[in-house]
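Thanks for asking me to look this one over.

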Amino acid sequence: MNAPIMTQAALEIWLTNLLPDHTVIAPQPQGQQIVFAPLAQVSDIAWDAGRTDLSAKEFFLPASEAIITLRPSTGGLQVETTHLTRPQVIFGGRPCDGHAWRCSTACSWTTPWMSTTRSAAP
């Protein structure tokens, strides 16, 4: 059996240091399910839960998204484009979700939201 590259304690420190400036998405208990959700504190992570009930896909490929928002302003309309306000980290995702993200970034189609998230992705 291989030794872990990082211990759980080291991961907890790393994630705690990310929380002030990043939205961290991680598997957490929600009722009877384990789901990906924005993390408030590292102690909320379901470390030993195994597979989640739903994938993290909704956080990197939303079912719907606002392309632009139009707001009335003095003299007409103000146009706002959509983008992430903070960098986002998805922790504990399935390998197949990571593979899907890489495949989607290779596609020729793009949206404003995906352009923003792609520029932040490694």
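How many aromatic pairs does the count come to by the ring-centre rule?

1. **The aromatic pair.** The count comes to one aromatic pair, where rings of Phe, Tyr and Trp (its six-membered ring) pair if their centres lie within 6.5 Å, and planes under 30 degrees apart count as stacked, over 60 as edge-to-face and the rest as tilted. Trp47 and Phe91 form this pair, edge-to-face, at 5.6 Å centre to centre with 70° between the planes. Trp47 sits in the loop between β2 and α2 and Phe91 in the loop between β5 (88-90) and α3 (95-106), so the pair ties together parts that are 44 residues apart in sequence. Phe91 is buried, with a relative accessible area of 15%, while Trp47 is partly exposed at 28%. Here buried means under 20% relative accessible area, exposed over 50%, and partly exposed in between (1.4 Å probe, protein chains only).

2. **What kind of model this is.** Please keep in mind that this is a predicted model, in which local features need pLDDT of at least 70 and side-chain atom pairs count only at pLDDT 80 or more, while totals for chains, interfaces and linings use all residues. Residues are numbered from 1 along each chain as its sequence is written, and side-chain values use heavy atoms, with hydrogens and water left out.

3. **The overall layout.** The chain has four helices and five strands; helices (H or I, at least four residues) and strands (E, at least two) are DSSP runs, numbered from the N terminus. Along the sequence, the pattern reads α-β-β-α-β-β-β-α-α. Of the 122 residues, 25% count as buried.

4. **The β1-β2 hairpin.** Strands β1 (residues 23-30) and β2 (residues 33-38) run antiparallel and are joined by six bridges; two strands pair if DSSP finds at least two bridges between them. Two residues separate them in the hairpin, and Gly31 in the turn has a positive phi of about 65°. Ile25 has Pro38 of β2 as its bridge partner.

5. Gln28 belongs to strand β1 and counts as buried, at 9% relative accessibility. Its side chain reaches the backbone oxygen of Pro38 at 3.2 Å. A polar atom of the Gln28 side chain also lies 3.3 Å from the backbone oxygen of Ala26. A polar contact is a pair of N or O atoms within 3.5 Å; within protein, one must be able to donate a hydrogen and the other to accept it, and residues adjacent in sequence count only if both atoms are side-chain atoms.

6. **The loop between β2 and α2.** Thr52 lies in this loop and is buried, with a relative accessible area of 7%. The side chain of Thr52 reaches the backbone oxygen of Leu54 at 2.6 Å. Asp44 is found in this loop too, and at 28% relative accessibility Asp44 counts as partly exposed. Asp44 and Ala26 are 18 residues apart in sequence and 8.7 Å apart in space, C-alpha to C-alpha.

7. β3 and β4 pair in the antiparallel sense over six bridges. This hairpin has two residues between its strands, with Gly75 in the turn showing a positive phi of about 90°. Arg71 stands opposite Gln78 in β4. Arg71 also forms a salt bridge with Glu80, the closest N and O atoms being 3.1 Å apart. The structure holds one salt bridge, counted when a side-chain nitrogen of Lys or Arg is within 4 Å of a carboxyl oxygen of Asp or Glu. Arg71 is partly exposed at 41%, and Glu80 is partly exposed at 26%.

8. **The nonpolar patch.** Which residues make the nonpolar surface patch of about 490 Å²? They are Ile67, Ile68, Leu70, Leu77 and Val79. The elements giving two or more residues to the patch are β3 (68-73) and β4 (76-81). Ile67 is found in the loop between α2 (57-60) and β3 and is exposed, with a relative accessible area of 52%. Of the six residues of β4, the number buried is zero, so β4 lies largely in the open. Patches are made of residues with over 30% relative accessible area and no salt bridge, with like charges joined within 9 Å and nonpolar side chains (Val, Leu, Ile, Met, Phe, Trp, Tyr) within 5 Å. Accessible areas come from the Shrake-Rupley method with a 1.4 Å probe, and for residues only the protein chains shown count as cover.
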